[in-house]
Amino acid sequence: MCGIVGYAGARDSASIIMAGLARLEYRGYDSAGIATVGEHGLAMRKKSGKLAALHESLADAPLPAAPTGIGHTRWATHGAPTDENAHPHLADSGRLALIHNGIIENYGELRRELESDGVAFASETDSEVAAALIGREYERTGDLEQAFRAVLPRLEGAFTLLAVHANQPGIIVAARRNSPLVIGLGDGENYLGSDVAAFVEHTRRAVAIGQDNIVTVTPASVTITDFAGTAVAAEPFDVSWDAAAADKGGWPSFMAKEVAEEPEAVANTLRGRVRGEVGSGVGRGVGAVGGGAGGGGGVGGEVHIPELDGHDDLFVDAERIVIVACGTASYAALVGKYALENWARIPVDVELAHEFRYRDPIIGPRTLVVSISQSGETMDTLMAVRFAREKGARTLAICNTQGATIPRESDAVIYTHAGPEVAVASTKAFVAQITALMLVALHTGRLRGTLDPQTGRLETAALQDIPDHIATVLAQETDRITELAHWMADTRSVLFLGRHVGYPIALEGALKLKEISYIHAEGFAAGELKHGPIALIEPGQPVFVIVPSPRHSALLHAKVVSNIQEIRARGARVIAIAEEGDAAVLPHADEVIRIPLTTALLEPLLTVVPLQIFAMALATAKGLDVDQPRNLAKSVTVE
Ligand code: M6R
């Protein structure tokens with residue numbers, strides 16, 4: 001939440017900062033602002049609304065050229081999205097400008113103290129309190145870094161702070177606690193950003209900043225210390241993607257681009273993690289739900305995850321796995337639970353990260369806590385991981401963002417290689433998360449000796465076929481789903497049903513629709529219908545039903561078909577998502593969307609795709625901004 005950019009170099013900072021903010025706008029888009037420092041002193045401009053409003057204002061009246069600057073794009077926490085509440089906030093009689101991401105929890109008390117000293121505030125934000133405190137210290141010390149060091153111990157909560165001062169041109173001082181901050185290392189210039197997207201078009205050499213660190217950046221130097229002033233060593237890393245990966249590249253939206261990239265996201269997440277034969281598992285699949293072996297022998301390689309070398313104990317010693325995540329990532333976790341329990345025969349609980357630590361869960365050294373997070377910065381998930389570590393649990397992160405806080409604070413990490421995900425609605429990261437979980441489940445099953453090697457090879461081969469299968473769904477079904485969405489543009493409510501691994505996909509289908517099309521949507525376990533939700537069905541009610549493959553379980557298939565009959569008898573309009581060749585579903589559905597054959601546990605990687613396309617097409621049909629839905633931000637870095 002909130003995007004932050006800083007630049008210290010020789011070029012004009014305003015254009016560099018505005019370009020960085022454009023790449024970070026997905027983090028918050030209710031207002032934006034910029035402050036620069038040059039020969040003229042400090043200049044600042046901020047505007048409510050999307051970044052375009054600030055752009056327009058700067059085009060009408062540019063800031064004087066200046067080689068140092070900071071910029072911010074906001075997701076409001078304290079105070080409405082007005083010009084006054086936008087960042088930067090000024091202090092020291094307008095000579096100091098500060099931007100903030102996070103929440104300063106004790107701001108009320110600090111504000112009262114400052115007000116009783118005669119400080120007048122221009123905004124309702126918690127952030128301005130930090131600006132005022134640092135400004136007051138600057139007046140005393142004449143040095144921004146010293147002012148930071150004096151004030152930071154007084155701030156509680158989460159913050160990334162960046163500040164510039166008119167009297168110290170060429171210097172940006174920054175600090176972080178619980179909110180993200182990355183440095184970009186250039187040649188005669190350096191950058192700061194909430195994530196590497198802020199500067200990746202200029203440099204791919206980056207340094208992630210640790211907890212409770214202060215950074216002083218000039219064009220020629222980067223100094224990192226802890227709050228007490230002790231030097232901190234930091235390892236630079238190379239960003240694995242380039243600026244083009246974070247561009248729309250001719251697509252109508254980032255979401256459309258990211259859905260189209262799903263085959264690649266899965267393939268990249270598998271790359272280098274399967275050794276031995278690369279076989280085709282198409283439709284080889286395998287007998288009962290949960291994957292008893294069937295089909296031919298000799299296909300498929302063996303999962304080997306190099307990042308987990310030396311970490312066998314995490315999986316072998318664990319008595320239990322708890323997966324913590326939020327939103328879409330938590331639905332990926334639910335899919336992972338089925339695979340882990342099936343192949344590794346280990347109990348798995350999935351916990352919403354924000355509920356986890358507040359109910360005193362029973363965890364200890366023999367619990368493996370797996371976190372899933374695209375951003376690696378979600379505050380709820382980060383706090384759950386920290387809590388787990390305090391209780392002695394071992395931790396594994398599944399994350400899409402290099403150098404993010406959650407992987408840095410975990411015992412081991414598996415990166416999903418989905419590439420940058422910009423649209424607020426998570427799509428390609430979701431399929432990459434499920435892919436990573438499948439790899440972990442196959443790995444754990446092998447290590448614990450619970451997975452029959454033949455099944456392991458078949459499932460691995462089937463996993464390797466998923467990119468092609470997703471491409472098939474995209475090629476064959478996009479137009480029809482788009483047409484369907486156009487018919488349904490006035491629909492007020494859509495329901496989603498699934499059983500077994502179809503259940504988390506029903507939840508995800510509903511979340512996608514809610515968040516980008518603002519239509520009421522709910523996902524249910526199909527078996528739960530008769531326990532209440534069936535009362536919602538009235539004539540014409542659209543219901544998406546994820547139909548499990550009859551080849552894997554005739555029983556499950558029959559149960560879902562019978563659920564379809566129950567809702568159809570009450571007037572529901574049924575859109576079934578069923579595998580190719582499932583003829584039994586045809587008489588019971590108004591529409592059937594087809595997915596290629598795969599194994600039972602891998603079906604979610606295919607069944608989710610039509611639901612993502614549907615949500616996107618419906619939102620587009622309603623004329624909504626699919627990339628930046630109202631009230632949301634991509635990375636939820638406050639609790
Ligand atoms: O970055 P994370 O994966 O930790 O984010 C978790 C959720 O905030 C995220 O999946 C959210 O639900 C998406 N907007 C869903 O599309």
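**View 1. Tyr518, at 25% relative accessibility, counts as partly exposed.** Partly exposed lies between buried, under 20% relative accessible area, and exposed, over 50%, with a 1.4 Å probe and protein chains only. The model is predicted: local features need pLDDT of at least 70, side-chain atom pairs count only at pLDDT 80 or more, and totals for chains, interfaces and linings use all residues. Residues are numbered from 1 along each chain as its sequence is written, and side-chain values use heavy atoms, with hydrogens and water left out. Y518 is in the loop that runs between helix 15 (502-517) and strand 23 (520-525). Helices (H or I, at least four residues) and strands (E, at least two) are DSSP runs, numbered from the N terminus. Although Y518 is not a glycine, its phi is positive, near 60°.

**View 2. D212 is a non-glycine residue with a positive phi of about 55°.** D212 sits in the loop between strand 11 (205-208) and strand 12 (213-217). Its relative accessible area is 23%, so D212 is partly exposed.

**View 3. H72 is a buried residue of the model.** H72 belongs to strand 4 (residues 68-74). The relative accessibility of H72 is 0%, which means that H72 counts as buried. The side chains of H72 and H87 are joined by a polar contact of 3.4 Å. A polar contact is a pair of N or O atoms within 3.5 Å; within protein, one must be able to donate a hydrogen and the other to accept it, and residues adjacent in sequence count only if both atoms are side-chain atoms. With neighbours within four places in sequence left aside, the residues in contact with H72 are C2, G3, I4, L21, S31, A32, G33, H87, I99 and H100. Contact means heavy atoms within 4.5 Å.

**View 4. H87 and P88 are joined by a cis peptide bond.** Omega of this bond is about 0°. P88 lies in the loop between strand 4 and strand 5 (89-91). From P88 to K50 the C-alpha to C-alpha distance is 15 Å, and the two residues are 38 apart in sequence.

**View 5. K50 occupies the loop between strand 3 (41-48) and helix 2 (51-60).** K50 has a relative accessible area of 32% and is therefore partly exposed. Beyond its neighbours within four places in sequence, K50 is in contact with E25, Y29, D625 and Q628. With Q628, the K50 side chain forms a side-chain polar contact of 3.1 Å.

**View 6. Helix 13 (residues 428-448) packs with helix 14 (residues 453-487) at an angle of about 165°.** Their axes are 11 Å apart. Axes are lines fitted to C-alpha atoms, for helices over the stretch in contact, and angles run from 0 to 180 degrees between N-to-C directions. Because of this angle, helix 13 is roughly antiparallel to helix 14. Angles under 35 degrees count as roughly parallel, over 145 as roughly antiparallel, 65 to 115 as roughly perpendicular and the rest as oblique. T435, M438, L439 and L442 of helix 13 make the contact with G456, E459, T460 and L463 of helix 14.

**View 7. Helix 4 (residues 127-141) and helix 5 (residues 144-151) pack at an angle of about 125°.** The axes of the pair are 8 Å apart. The angle makes helix 4 oblique to helix 5. On helix 4, L133, I134, E137, Y138 and T141 meet L144, Q146, A147, F148, A150 and V151 of helix 5.
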